[in-house]
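Here's a quick look at how two chains sit together, plus a few notes on one of them. Have the viewer open as you read.

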Amino acid sequence: MSEIKPNDVVADSAADAGEEKDWAAAKAFFDNLKTKKPRPPKPRYAVTIAVSSRTLFNMTEERKMYEEEGLETYVAHHIAHENEPLRPGAAFPFVKALMTVNDKLRELYPDSEELFDIVLMTNNHAQVGVRLINSINHYDLTIERFCMTGGQSPIGYLKAYMTNLYLSKNSETVTEAIEEGIAAATMFNSDMQNQLCEDQLRVAFDGDAVLFSDESEIIVKKHGLDTFFEHEKEYENKPLAQGPLKCFLEALGKLQRKFYAKNERMNCPIRTFLVTARSAASSGARVLKTLRSWGLEIDEALFLAGAPKGPLLQKIRPHIFFDDQMFHIEGAQELGTISAHVPYGIGQKYHKGKLIEKPGSKN
Amino acid sequence: MDPNIITNTDVVQLPSSVIVIAVSCHGIFDLDTPTELDTLSKGPTFSFIKAIQAMNEKLTGKTPKVTLFDVIILAKDLQGNQAKIENSIKHYGLPISRCWFFNNEEFTQSLKSTNAKLFLSMDSSDVCKALQEGVPAALLCPQTQTQAEGDKVQVANPLKVLLSGDVMGLPEEKLSEAGLSQPQLQTFKAAKASMAEFAAVIREMRRHFAREDSPLRVTLMSVLGSSKEWASALLTARGLGLEVDEAYCLAGASSGPILNCIQPHIMCYDGLYSVTQVPALS
């Protein structure tokens with residue numbers, strides 16, 4: 001069993017046996033068909049990325065219609081425009097990059113189930129499904145698994161699909177997912193976008209309250225920077241606790257090692273970045289040592305010592321950048337970086353260092 | 001009057017033009033635990049009857065004595081329990097007009113003489129037999145949530161019907177190509193043949209309600225088929241005039257955990273995959 005899957009995977013053998021039987025039947029069914037399309041991977045071994053319909057496609061106008069004119073008009077509109085493909089959304093470049101990595105993985109390991117598996121996870125109504133599939137086919141995206149809950153919360157389904165990362169526009173659902181132990185982030189549409197790399201998936205992470213817990217963040221907010229520096233120096237050798245996206249980094253690392261094993265380190269199509277406001281000298285060591293203690297590697301670590309993240313991210317050009325603070329998200333977006341907010345930890349109660357009256361900002 | 005057909009005098013007997021839904025007694029009541037009482041306790045599919053009742057209530061706004069569908073119970077090999085079953089139906093105030101008692105050998109014959117447009121049972125072999133005889137049939141899924149408290153009809157969770165995206169979307173040629181066994185192919189064909197009639201019954205129920213807050217939800221799940229066939233199934237459903245609320249395409253992923261989330265009351269049986277009964281939902 002792959003350890004990159006979320007912890008609450010079914011433990012009883014009866015369910016496992018059922019799952020094996022189902023998979024054997026599905027595999028036999030697929031193998032007997034004469035088709036060139038690659039078979040979707042076994043969920044247990046795959047890195048499952050669940051994207052919502054509004055992150056994959058830009059559905060701002062339709063959303064407005066739903067809010068102003070109601071469900072019936074909204075669905076009727078989609079049915080009437082079923083053959084018109086939707087425009088790409090915030091997660092679209094990320095999904096395309098995942099597909100590129102899959103192609104390369106399949107070349108090197110033709111029989112492996114350790115691939116990215118992209119699932120469309122949406123609480124959209126099933127009637128919209130036809131337009132979504134038409135759009136997906138239009139852009140030639142490899143999305144085989146769909147989950148349209150018709151208005152209900154997708155949280156239970158995220159677990160059922162063994163999701164490693166969930167991207168959505170709805171910050172409440174994302175918060176709920178994080179509370180359930182699933183790595184998740186809220187995406188935003190941006191007007192401008194930088195030109196992105198086509199043959200390498202680039203993922204940037206903030207450190208505190210994203211990869212790591214918010215324990216150090218709490219110290220800064222409550223006791224100030226000086227206390228924070230002293231604390232980090234003193235506890236340099238004590239690993240930080242995990243944050244909500246640690247498992248996703250781990251999953252990426254596992255796939256990266258498959259490339260290293262085939263001598264492809266220099267050409268590895270996955271590259272990870274740490275972009276943190278910490279300063280290297282005073283608080284950087286603890287971060288690097290924590291990663292090492294977890295057996296995780298990160299390709300590039302950028303310690304900004306409080307400098308704005310936007311310009312640096314503009315140079316890095318990640319397909320996605322995860323941060324817990326809206327202030328950084330906004331700064332990144334202004335300069336064209338696709339950003340995803342991780343609504344976790346004490347950072348949600350503050351804006352630009354000041355305590356906000358209402359906890360948890362909504363987008 | 002056939003002594004094996006018990007009529008429920010608490011419920012208005014409907015004209016034969018009304019759609020008959022035949023439900024297997026096994027599961028509605030707990031027939032396994034021996035009891036000294038006159039009435040039986042609720043079984044795992046009891047909440048289904050209550051959900052139908054809630055649906056009728058919402059529709060007509062009248063008391064449970066007036067029903068839109070003629071719901072009858074089929075009790076196989078339960079002649080000894082006639083009195084208890086009769087009492088239990090009245091005790092819980094269930095909207096059941098008649099109860100048919102028969103032996104296993106008489107099953108298909110009895111089913112046909114009821115003129116049922118839909119047969120529901122927890123037993124997949126009975127569902128299979130019904131399909132072979134051309135009677136639209138589906139599995140009733142055991143529910144662990146206790147729905148109605150006492151005898152009051154609560155605003156229960158909506159009645160969920162799960163359609164098979166594989167039956168609706170996969171062409172038969174593809175299945176033969178995929179190397180399925182003869183019995184599986186036969187069940188699949190039978191399910192496909194009765195799909196239009198099955199859809200007609202569900203459509204008749206569903207059309208009275210709007211998309212939001214409906215007491216009946218139609219779900220489509222595709223296990224083996226690809227997304228292309230799933231889309232085809234959605235269009236087929238639409239062509240049959242059926243409003244699908246939720247849709248899932250598994251493309252080979254295990255159906256158990258997903259079924260656990262969906263929690264259907266009624267599930268289309270297509271004989272394709274190993275889950276013939278929804279596991280007791282946690």
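This is a predicted model: local features need pLDDT of at least 70, side-chain atom pairs count only at pLDDT 80 or more; totals for chains, interfaces and linings use all residues.

Residues are numbered from 1 along each chain as its sequence is written, chains are lettered from A and ligands numbered from 1 in the order in which they are written, and side-chain values use heavy atoms, with hydrogens and water left out.

**The interface**

On the chain B side, 41 residues are in contact with 39 residues of chain A (contact means heavy atoms within 4.5 Å). Together the two chains bury about 3300 Å², with 57% of that on carbon and sulfur atoms; buried area is the accessible area (1.4 Å probe) that two parts lose on being put together, summed over both.

There are 12 residue pairs in polar contact between chain B and chain A, both residues at pLDDT 80 or more. A polar contact is a pair of N or O atoms within 3.5 Å; within protein, one must be able to donate a hydrogen and the other to accept it, and residues adjacent in sequence count only if both atoms are side-chain atoms. In chain B, α6 (172-177), α9 (227-239), β9 (246-249) and α10 (255-262) each supply at least two residues of the side touching chain A. Helices (H or I, at least four residues) and strands (E, at least two) are DSSP runs, numbered from the N terminus.

**Chain A**

Chain A has 14 helices and 14 strands. Its C-alpha trace spans about 65 × 50 × 40 Å along the principal axes.

**Salt bridges**

Over all chains, the structure holds 27 salt bridges (a side-chain nitrogen of Lys or Arg within 4 Å of a carboxyl oxygen of Asp or Glu). One is counted between chain B and chain A.

| Salt bridge | Closest N and O atoms |
|---|---|
| B:Arg238 with A:Glu82 | 2.6 Å |
| A:Lys159 with A:Glu180 | 2.6 Å |
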